[in-house]
Every structure is written in C-alpha cells, then in structure tokens.
Amino acid sequence: MEETINRTTIQFPIRPIINGQEVPSSSLSLSVDGPVNVTPNLQKRGESLMVVFETTSTGVYKVSVTSGGEHIQNSPMNVSVGKKKDGETPKKETQLPPVFTSPIVFDVEALDEDEKSIPASDDSGVSLDVESPVPISNKSFKRTADGKKYTVRFETAATEGQFVVSLKHQGKDILNSPFTVTLSKKT
C-alpha cells in the first residue's frame, strides 16, 4: 500500500547497451509505471548516465529504458521507494542486476616494427589505444617480469564485438600491431 512522503529524488546509473553495443543516450526513451505519475529524465554526471525522477509516494516503480523499441541491458527494472522506520526519510531500493565487466588480457612481444627489442628504459615512449564498439575501462599495459613482452589489459561489459588494439613505440606500431580481439557468444 502506497503512502504519501515528502518529495523525494530517485536516481541511479544505467549503461545504454543493447546486444553488447553501446547506443547513444540521445536515442533513449524512458518510461516509469508506478503508484503515481512521474516524469523521468536522463542526466550525465561525469562518466555516468543517470535516470532521475521525483516522487511523493511510496511503492514499486517499473522503469523502462529503450532505444528503437528495444530494452537496454537490465531494463525494465523495479525501484522500490519506502519509508524508514522513523517515517521521516524515504529510502529507495533499486533492484538492478550487476553489470559485469570482463578483463581482456594478452601478451605481445616487446619488439619494434624492425623486430628489435624495445629497451625497458624506453617504455615511456610506448602508448596504447583501443578502438572499441562499447566503452572500456582500466586500459593498461606493463612489461612482463622477464622484460620480453608487454601484458595488455582492458575491461569491457561486451559479450561480443571486435576490438582493435594498437601498441606503439615512438609513434610507430610495434611488431604485429594493431591486434584484433574478437569476442563472440558461445553457440
């Protein structure tokens, strides 16, 4: 049973991903079904995209986020708005499944395009770039303990897609760079 509460702002982050691909936030449509009518909106906060709405009633709100009629990852979702025991401060419980990120890790030879070893003292001249169909995080590379390879690492929430990884020394691709990493669902 719903109860009237002070005007409360509900906000939570979303990832606009459909079938492993990020969709532009400008293509998203929001709807909220709940005990009272609310007007949801999207707000960009740093790197996060937030769904925000205000309500004056407790209860369960079903939030749908779609693009072109397709639900994004984790949509629709239920947001439960209630009161704390003292009755003064509303609380919310967003029942969102976690967004899992998977690390992509591989080693490459620390050789320049002429197949000459890149000295560890020159690692400051090495750069990493990843072209990705979806956002990535924690992009890094480091020299292996034996000094002969670089371990390249990045994280993604994608379950499929193609990533083009470029490792350069002094602005030139190292041996065999760029590398293509393809993720695909098991069939």
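Let me begin with how the model was handled. Because this is a prediction, local features need a pLDDT of at least 70 and side-chain atom pairs count only at pLDDT 80 or more, while totals for chains, interfaces and linings use all residues. Residues are numbered from 1 along each chain as its sequence is written, and side-chain values use heavy atoms, with hydrogens and water left out.

On confidence, pLDDT being the predictor's confidence in each residue from 0 to 100, the protein averages 79, and 81% of the residues score at least 70.

Of the 187 residues, 36% count as buried, where buried means under 20% relative accessible area, exposed over 50%, and partly exposed in between, with a 1.4 Å probe and protein chains only. Among contacts between residues at least 6 apart in sequence, 58% join residues at least 24 apart.

Now the cores, where a nonpolar core is a set of buried Ala, Val, Leu, Ile, Met, Phe, Trp, Tyr and Cys residues joined through side-chain atoms within 4.5 Å. The largest has 19 residues, of which Phe-12, Ile-14, Leu-28, Phe-53, Val-63 and Val-65 touch the most other members. Two or more residues come from each of β1 (4-14), β4, β6, β7 (59-67) and β9, and β1 gives the most, with four. Apart from this core lies another, of 17 residues, among them Phe-106, Ile-118, Phe-154 and Ile-174.

Which residues beyond four places in sequence does Val-65 contact? They are Ile-14, Leu-28, Ser-29, Leu-30, Val-51, Glu-70, His-71, Ile-72, Ser-75 and Met-77. Ser-75, for its part, sits in the loop between β8 (70-71) and β9 (77-83), and it is buried, because its relative accessible area is 12%. The side chain of Ser-75 makes a polar contact of 2.8 Å with that of His-71; such a contact is a pair of N or O atoms within 3.5 Å and, within protein, one must be able to donate a hydrogen and the other to accept it, with residues adjacent in sequence counting only if both atoms are side-chain atoms.

Thr-55 lies in strand β6 (residues 48-57) and is buried, with a relative accessible area of 2%. Its side chain reaches the backbone nitrogen of Ser-57 at 3.1 Å, and a polar contact of 2.5 Å joins the side chains of Thr-55 and Tyr-61.

Finally, the whole structure holds three aromatic pairs, meaning rings of Phe, Tyr and Trp (its six-membered ring) with centres within 6.5 Å, where planes under 30 degrees apart count as stacked, over 60 as edge-to-face and the rest as tilted. One of them joins Phe-53 and Tyr-61, tilted, at 5.5 Å centre to centre and 45° between the planes, and both residues are buried. Phe-154 and Phe-163 have ring centres 5.4 Å apart and planes at 45°, so this pair is tilted. Phe-154 is buried at 0% relative accessibility, and Phe-163 is buried with a relative accessible area of 0%.

Conventions
Contact = heavy atoms within 4.5 Å.
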